[in-house]
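User: I'd like to go through this model with you. Can we start with the ligand site and then move on to the helices?

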Amino acid sequence: MRFSKLLRNVIPGLIVGLAVVVGVSLASPRPSEASKGQETFKGKCASCHGPDGKGQTAMGKMMKVKDLGSAEVQKQTDKELSDIISKGKSPMPGFGSQLKKAQIDELVAYVRELGKKEKK
Ligand code: HEC
């Protein structure tokens with residue numbers, strides 16, 4: 001039957017292709033939680049909070065955002081920070097509908113990194 005012959009020719013190619021893709025993705029270093037958070041942060045949060053989380057943007061200044069690395073922000077628990085990110089804190093919009101739980105956790109990890117940098 002022609003169809004089965006086709007399958008026999010195609011499937012090995014697919015398997016090799018898949019093996020290459022898996023191999024490459026395993027070989028490349030896995031980004032840390034915080035660095036993935038940083039990527040999301042640049043895309044979704046930096047317009048107000050600034051790429052460094054200090055809030056020195058036009059929007060950030062207008063809304064008087066706090067430095068995310070400051071003690072005032074850092075003293076909040078991970079739960080509190082992830083709630084703010086998912087539900088928002090007026091005037092900040094919530095991101096729960098756009099971001100997955102894992103992405104919000106990554107953002108919290110990134111915010112913690114900002115706190116570490118602050119202390120020095
Ligand atoms: C439209 C501008 C805007 C965007 C976009 C935005 N924020 Fe905010 N964010 C704010 C403002 C304003 C506050 C301060 C709210 C307050 O304290 O009244 C805030 C507060 C916060 C806080 C709590 C800090 C505090 O004041 O205790 C965290 C954490 C935070 N934002 C994280 C994020 C993350 C992560 C993102 C991206 C997913 C994000 N924000 C996107 C405007 C924004």
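User: How far is a polar side-chain atom of Gln76 from an oxygen atom of the ligand?

Analyst: The distance is 2.8 Å. That qualifies as a polar contact, a pair of N or O atoms within 3.5 Å; within protein, one must be able to donate a hydrogen and the other to accept it, and residues adjacent in sequence count only if both atoms are side-chain atoms. Before going on: this is a predicted model, in which local features need pLDDT of at least 70 and side-chain atom pairs count only at pLDDT 80 or more, while totals for chains, interfaces and linings use all residues. Residues are numbered from 1 along each chain as its sequence is written, and side-chain values use heavy atoms, with hydrogens and water left out.

User: Which polar atoms of Lys89 and Ser90 lie by a ligand oxygen?

Analyst: For Lys89 it is a side-chain atom, 3.2 Å from an oxygen atom of the ligand. For Ser90 it is a backbone atom, at 3.3 Å.

User: Which elements give two or more residues to the shell?

Analyst: Helix H3 (46-49) and helix H6 (78-87) do. H6 gives the largest share, 3 residues. Helices here are DSSP runs (H or I, at least four residues), and strands would be E runs of at least two, numbered from the N terminus.

User: And which residues come nearest to the ligand?

Analyst: Cys45, Cys48, His49, Gln76 and Met92, out of the 21 residues around the ligand. A residue is near a molecule or strand if one of its heavy atoms lies within 4 Å of it.

User: What joins Ser90 and Pro91?

Analyst: A cis peptide bond, with omega at about 5°. Pro91 is in the loop between H6 and helix H7 (101-119).

User: Back to H6. Which of its residues are buried?

Analyst: Leu81, Ser82, Ile84 and Ile85. Buried means under 20% relative accessible area, exposed over 50%, and partly exposed in between (1.4 Å probe, protein chains only).

User: What follows H6?

Analyst: Gly88, with a positive phi near 85°.

User: Switching to H2. What should it span?

Analyst: Helix H2 (residues 33-44) has 12 residues and at 1.5 Å a residue should span 16 Å; the end C-alpha atoms are 16 Å apart, which agrees. The expected span is 1.5 Å times one less than the number of residues.

User: Which residues of H2 are buried?

Analyst: Ala34, Gly37, Thr40 and Phe41. They cover an arc of only 115° around the axis, which puts them on the same side of H2. The face turned away from that side carries the exposed residues Glu39 and Gly43.

User: What does the side chain of Glu39 contact?

Analyst: The side chain of Lys42, in a polar contact at 3.2 Å.

User: Now the loop between H4 and H5. Is Asp67 buried or exposed?

Analyst: Asp67 lies in that loop and is buried, with a relative accessible area of 19%. The Asp67 side chain reaches the backbone nitrogen of Gly69 at 2.8 Å.

User: What about the phi of Lys64?

Analyst: It is positive, about 55°, although Lys64 is not a glycine. Lys64 is in the loop between helix H4 (58-63) and helix H5 (71-74), and at 70% relative accessibility it counts as exposed.

Technical notes
The arc is that of the directions from the helix axis to the C-beta atoms.
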